Amino acid sequence: MSELAKRRMAQVALAVVAVLLIARCFFTVDETEWAMVVRFGRLVRVVGDAGLHLRLPIDSVRKFDKRLQIYNPPATEMLTGDKKNLVVDAFVVWRIADPVRFLQSVGDNLGAEARLHDLVWSELAAAMGNYELGRLVAVRSEVADNGERTALTELAESVRERCRPNALRLYGIELVDVRLKRLNFPEQNKEAVFARMRAERERIAKRYLAEGEEIATRIKAEADREKERILADAYRQAERIKGEGDAEAARIYGQAFSRDPQFYKMLRTLDAYKKAMDDKTTVVLSSDSEFLQLLTRGRK
Amino acid sequence: MRWLFGFVLVYLLSGFYIVGSEEVGVVRLLGRVWQERVSPGLHYRPPFPFTRLDKVKVRQVRRLTIGMEAAEALMGRQANPAMAQFLTGDQNILIVRAVAQFTVHDPVRFLFAASDAEGIVRRVVETVLAEEVAQMPVDEVMTTGKIALQNRVRRKAQRILEERYRLGITLVAVTLERVAPPDPVKDAFEAVTQARQTRHRRLLEAQTYANTVLPQARGEAQRVINEALAYRERRIAEAKGDAARFLALWSEYRKAKDVTAARLYLEAMEEILPRLKKVIVDAQSGQLDVGMVRRQP
């Protein structure tokens, strides 16, 4: 290898080393990160601004996620104030607020979750003991839409308020939110719950059926009563009309017959005879009756 | 040397990128947000590693299923039943599956505020849903209260997301896809539905009864009244007829009283007597032979 070639090689190597060294003096921080500059194991600087930053080539950089994190462990059983077992599914939203403290006390997200679990879930279990099931799960006639907090929110908020200072002071973690995602009965209690639900349904079904009978009977009875009323009313009118007819007829008869009551009596009697006597009637006639006078005695 | 030039050219050209019509581009230069809202079209940015490009579909309505994990929903199998179970205010267990729909209105916050923005949205909606259901009676959740519940959950969840998280998302809608009793009590709920239908049917039957009975009664009433009217007409007409007959006869009678009276009497007797069984008794003796009467057939 010639002297020239050797010098070329050395130049190139130097250039590469220089470029690497210059690159080592810069580091980028993303919008989503905290960066910590560590020199010989000692924390020198914390960078929260995204962008390009300077450092000594000997410094190393550690990064933490700055964004909101969710911690949502599997649901656990807790006891309510009235000693009822509930399966509580809660979650925590947190972020690193003090990366220095976080680095020193926690180290990484897994460690953070373990500590949050100890801190928050013990508070949660304690708070749960202050609430009766009937308060957490209760029908509210007027469900408020704004402002008014439910017992569940209240409980979660109280836990958050209690854990917040410690989380920040001890672990550099900001507890953004604690929420009770879901309440349920433990599997072993569900049979009893289902039995209760079933009994309740049966009661409701019976009530519906009874109501149906009641309504139907009432409507039918009302219809029947109305029918009777209509018929009675019609009868009343009909009788009145008939009475009018009879009265009018009587008036007409009276007017006519009063001209000669004697003659009327005779005519009417004869008519009555015609009607009253039929072939089953046996009549005993005296021989001196008007009809037979001529028969027995001849012309008077 | 030509080879190097070509390489540099290709590298520089790699900075061109296209933002789709439904997207917004967010460009980070050396980690810091450089362009917040790149509108659709062809754009240039310094190539990797100096910039990083994220495209966010801002027009797209994203869906989240609650009551079932997304992966399980994709696989189409029923989730762990407890996952979909909610407690109602009257301590019933209900299966509820809801879908939350949201859009991104602030791509920067959506990208950088949380490591799992969707996960937060899902959990907040689920929390609010559970909380609201825990204050309603089971029947209301299943029937009348559904729409109100959806609206309330959307509003409350939106407010929480806005005040506490600021994820740059807007909750468009929360829809209850399925509200059903758990399998072990399904038949009991079914029985209630049927009982309700039975009640309704009984009501209709009764109304039908009333609707047939009353017109019938009214018809009957009309008939009775019409009959009475007819009776009145008849009675008056008869009376007038009889009176006319009487007066006619009477005017005859007045002309020759004895003769007419006798004639009327005899005519009547003529008519009556042939039909009768007759026993004639002598007026003097006044005796009646009863045996003779009996012998008559």
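Predicted model: local features only at pLDDT ≥ 70, side-chain atom pairs only at ≥ 80, totals over all residues.
Residues are numbered from 1 along each chain as its sequence is written, and chains are lettered from A in the order in which they are written. Local features need pLDDT of at least 70 and side-chain atom pairs count only at pLDDT 80 or more, whereas totals for chains, interfaces and linings use all residues.

**View 1. Strand β8 of chain A is largely enclosed by the rest of the structure.** Nine of the twelve residues of β8(A), residues 85–96, are buried, which is why the strand counts as largely enclosed. Buried here means that 20 or more other C-beta atoms, placed from the backbone, lie within 10 Å of the residue's own. Strands are DSSP runs of E with at least two residues, and helices are runs of H or I with at least four, numbered from the N terminus.

**View 2. Strands β6 and β7 of chain A each run antiparallel to β8(A).** Two strands pair if DSSP finds at least two bridges between them. Strand β6(A), residues 69–71, is joined to β8(A) by three bridges, and A:Q69 stands opposite A:W94. Strand β7(A), residues 76–79, is joined by four bridges, with A:E77 opposite A:V87. Five residues lie between the strands of the β7(A) and β8(A) hairpin, in which A:K83 takes a positive phi near 60°.

**View 3. Strand β9 of chain A pairs with β8(A) in the antiparallel sense.** Ten bridges connect β8(A) to β9(A), residues 173–184, and A:F91 has A:R179 as its bridge partner.

**View 4. Chain B contains ten helices and ten strands.** Of its 297 residues, 29% count as buried.
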